[in-house]
Amino acid sequence: MASTIFFKLKSDLEMEEIHFDGSGLTVRDLRKVIRERRGFKVQDCDLELYDSSTGKPFASENQVVHNYSSVIVKRVAKSRPPGKE
């Protein structure tokens, strides 16, 4: 069964589609797919994912984003551990 999740970066005007098999992706897997699609490196920035209908962030890495959901992605600076400047 082919499924779709829609996403856009906060600064983008239009949604992009991610196609996958199954009924949903975990936040962790969705973040990985978005990084690959947009060419973001893990060490460069973190990605915060928000439900576009509520504006609330997803609560956990293991939360499932269901088929036909829309997600807003916000790039944030990677936080550095103390003493690593």
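**Exercise 1.** Is Glu16 buried, partly exposed or exposed, and what is its relative accessible area?

*Solution.* The model is a predicted one.
Step 1. The relative accessible area of Glu16 is 22%.
Step 2. Buried requires a value under 20%, and exposed a value over 50%, with partly exposed in between.
Step 3. Glu16 is therefore partly exposed.

**Exercise 2.** Identify the residue that forms a salt bridge with Glu16, and state where both partners lie.

*Solution.*
Step 1. The partner is Arg37, and the closest N and O atoms are 3.5 Å apart.
Step 2. Glu16 belongs to strand E2 and Arg37 to helix H1; with 21 residues separating them, the pair links distant parts of the chain.
Step 3. Arg37 has a relative accessible area of 41%, and is partly exposed.

**Exercise 3.** Determine which parts of the chain are tied together by the salt bridge of Arg31 and Glu61, and classify both residues by accessibility.

*Solution.*
Step 1. The two side chains meet at 2.3 Å, N to O.
Step 2. Arg31 lies in helix H1, while Glu61 lies in the loop between strand E4 (45-51) and strand E5 (64-66), so the bridge ties together parts that are 30 residues apart in sequence.
Step 3. Arg31, at 16% relative accessibility, counts as buried, whereas Glu61, at 31%, counts as partly exposed.

**Exercise 4.** Describe the salt bridge between Asp12 and Arg38.

*Solution.*
Step 1. The side chains of Asp12 and Arg38 meet at 2.8 Å, N to O.
Step 2. Asp12 is in the loop between strand E1 (2-9) and strand E2 (16-21), and Arg38 is in helix H1 (residues 27-38), 26 residues apart.
Step 3. Arg38 is partly exposed, at 30% relative accessible area.

Notes: Residues are numbered from 1 along each chain as its sequence is written. This is a predicted model: local features need pLDDT of at least 70, side-chain atom pairs count only at pLDDT 80 or more; totals for chains, interfaces and linings use all residues. Side-chain values use heavy atoms; hydrogens and water are left out. A salt bridge is a side-chain nitrogen of Lys or Arg within 4 Å of a carboxyl oxygen of Asp or Glu. Helices (H or I, at least four residues) and strands (E, at least two) are DSSP runs, numbered from the N terminus. Buried means under 20% relative accessible area, exposed over 50%, partly exposed in between (1.4 Å probe, protein chains only).
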